[in-house]
Amino acid sequence: MDLNFTPEEEAFRREVRAFLAAKVPARLSNLVRSGKRPAKADMVEWHAILNAQGWLGNHWPKEHGGPGWTAIEKFIFENECALYGTPRVVPFGVNMLAPVLIKYGNEAQKRHWLPRILDGSDWWCQGYSEPGAGSDLASVKTTAVREGEHYVVNGQKTWTTLGQHANMIFCLVRTSKEGSKQAGISFLLVDMASPGVEVRPIITLDGEHEVNEVFFTDVRVPAENLVGEENKGWTYAKYLLTYERTNIAGVGFSVALLERLRRTAATQRRNGRPLAQDPLFAARLARAEIDLENMKTTNLRVLAAVAGGGVPGAESSMLKIRGTELRQELSSLMRRAMGPYAQPYIEAALHEGYGEAPVGPADAAGAAALYFNNRKLSIFGGSNEIQKNIISKMILGL
Amino acid sequence: MNFEHTEERRMLAETLDRFVAEQYGFATRDHIAQSTRGFSTELWQRFAELGALGALFGEAEGGFGGDGFDIAVVFESLGRGLVVEPFLGALVVGSAIARAGDTAHKPLLDAVIDGRTVAALAHDEPGSHYELANVATTARRSGEGWRLDGAKAVVLQGEQAGLYLVSARTAGEQADEAGLSLFLVPRDTAGLALRGYPRVDGGRAAELTFDNVVLGAEALLGSEGEGFALLEHAVGRGLLALCAESLGAMDAARQATLEYLRTRKQFGVPIGSFQALQHRMAQLLLEIEQARSAVINAAAALDDADRTTRERALSAAKFTIGRVGTLVAEESIQMHGGIGMTWELPLAHYAKRLVMIDHQLGDEDHHLARYIALGAQAA
């Protein structure tokens, strides 16, 4: 039993830190550290920086251009990025679609799409959820009917994150109504510029335009855009959902948020003393901090088990539940820490280049919005209740 | 990064687990735990022969372990079996003697490590409520030696102990860290009175009073007035031990509850098919894994040179264990329904032990406050 990182892992951490210090513009990290919302250009810039280093597709196998990192190294990388304050990697192309293409795509698809993911030619979004298929994902109703060399797609996707920036969408579509509902699903790549595709924004409760509805009306998709076999899409969909889970607990996000929270608690005052010395607030903060320390070790235990040949199965459900609960708690504390200044909502202050003085503490502008936005954490990616069903079935055998 | 135990530790754990499973079944345990003696001298000796005591101490001290993970492995096994024998006293008292490093006390340490002498920590007082420095018992110089007056509360297996480690104030105010001293007091000392009683979770404890107890100069352990650091070090090992014991008991309670959910039928189906219970059970699993991580963190930090790092990890673990242990106890009983309320069900005794561990060496609230205070001191 040894909780220390190996000298190689420590060297890797130093390498990552040196890279971040050298290559991430201060403008970008300041934006993220101050809790502002990155714009499309910021995310594109970050992808380009990572790609130039060969680290964008860091989950990809070496033969497809991945750096060959271990699970622990990926964990270190993700945490260092969060701590430094980088925008997040937009996962849909690089971490979701790419592994599916690598495992199930044909040679032509791999040759065409993979380089375009890395160099930013394509911005992918995810066409999974539908109004009637949330946690019950296999209930998708969007249809794709084969007509000669095309599929004709009709239906609606929803919760399409950053779909407003995307030029491509990968979709679960129904190609058969025979057999079980899982049996008739196919995995199709759709050009968003095709006639009949319409994107409408969904404004979330925090006032942000992050997610969208995507409508398909008689959209003609070349048959060559089918991934794998027709009606086998559910297998690929599940693979995509379980493929990359080293960061599902979001430990790095929590560490970064806790740091911000500590700074806030040291400067905000209540009853004539810093909030950090207020017994009730200090207790809430300490509970979250202890939970995070435990979480780090739990996460590393799971990764070590994977490295030792174990399968990251239902354990990632445990990490997802506790990790998201913790992030929600921390953003709740951030909101509380701002006191009355959690109330003002000046949208422009959440973006770079806001010229006016902040209302209240500098960090206050986004505190309540982040709290409300983070309610999504326990809902998306399989709600925490679905995760408990998985644990119950896969680990507990109930 | 490596979360595997060494071969030696795995073997020790297997040996202890097997011994507990074969020799310390529930009926035996219940008999021992309710006995007038409070534990089994025979099993205590056999545990010692298996190395369960030696593993708690380093080679220089006369053992063959002494690392945080050695302590954790042993106490996890003990927790799985709800063992009531006086391991905690041996660990804490032995660690204090070893740490003080006085060769004159070496024979006492040897006797503790081989199990000949049952040792008990006599530190808590009727009014101290977990505060480590809150000691009203006094020791005054008397000739070459000392005179001890005061009272000690809930001394584990106090009636059978042959040796007590007693904290007493030689200077300072009642809650001062400075001015605390530690004394080794043999069982048959004149002026030492005992009132023994059973514990709610099995085994026994005692209230001790010291009325004009005269001790020789050799009774002082460590330096006069500087006993706090020694006490904190020894109690730290006790904290880790209790956390690991709790983890072992949690695993047993989890297994029993899971088994019950699979087999107990209501409405014609196993109750484990009900989502309300599945989610409670899944939640319990998550919490137990977080508790396991807390124990690992504490074991890894046990001998950290930095006091803040070490003591914060210990308090974080005891806080987590207190919270999760209580949750596991309450949820396990609830999921068992009526049968969970009965004495005949082993689970009920695990539940009692899990909750009572929160009453030893500081509870959830105490350690959360301590964790915060240690952080504030360091800032």
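**View 1. The loop residue Gly134(A) in the predicted model.** Gly134(A) sits in the loop that joins strand 1 (124–127) to strand 2 (143–147) of chain A; helices (H or I, at least four residues) and strands (E, at least two) are DSSP runs numbered from the N terminus. Residues are numbered from 1 along each chain as its sequence is written, and chains are lettered from A and ligands numbered from 1 in the order in which they are written. The model is predicted: local features need pLDDT of at least 70, side-chain atom pairs count only at pLDDT 80 or more, and totals for chains, interfaces and linings use all residues. Gly134(A) counts as partly exposed because it has 17 C-beta neighbours inside 10 Å (buried means 20 or more other C-beta atoms within 10 Å of the residue's own, exposed 12 or fewer, partly exposed in between, with C-beta atoms placed from the backbone). Its C-alpha atom is separated by 18 Å from that of Asn374(A), 240 residues apart along the chain.

**View 2. Helix 10 (residues 315–337) of chain A.** The end C-alpha atoms of this helix are 33 Å apart, which agrees with the 33 Å that its 23 residues should span at 1.5 Å a residue (the expected span is 1.5 Å times one less than the number of residues). Of the 23 residues, 19 are buried, so helix 10 of chain A is largely enclosed by the rest of the structure. Gly339(A), just after the helix, takes a positive phi of about 55°.

**View 3. Positive phi at Asp218(A) and His129(B).** Asp218(A), in strand 7 (residues 209–222) of chain A, has a phi near 45° although it is not glycine. Asp218(A) is exposed, with 11 other C-beta atoms within 10 Å. His129(B), also not a glycine, has a positive phi of about 45° and lies in the loop between strand 1 (119–122) and strand 2 (138–142) of chain B. With 12 C-beta neighbours inside 10 Å, His129(B) counts as exposed.

**View 4. The side of chain B that touches chain A.** Here 30 residues of chain B are in contact with 31 residues of chain A (contact means C-beta atoms, placed from the backbone, within 7 Å). Helix 8 of chain B gives the largest share of this side, 13 residues. The residues of this side of chain B divide into 17 nonpolar, 10 polar and three charged (Ala, Val, Leu, Ile, Met, Phe, Trp, Tyr, Cys and Pro count as nonpolar, Asp, Glu, Lys and Arg as charged, and the others, Gly among them, as polar).

How values were computed
Two residues are in contact if their C-beta atoms, placed from the backbone, lie within 7 Å.
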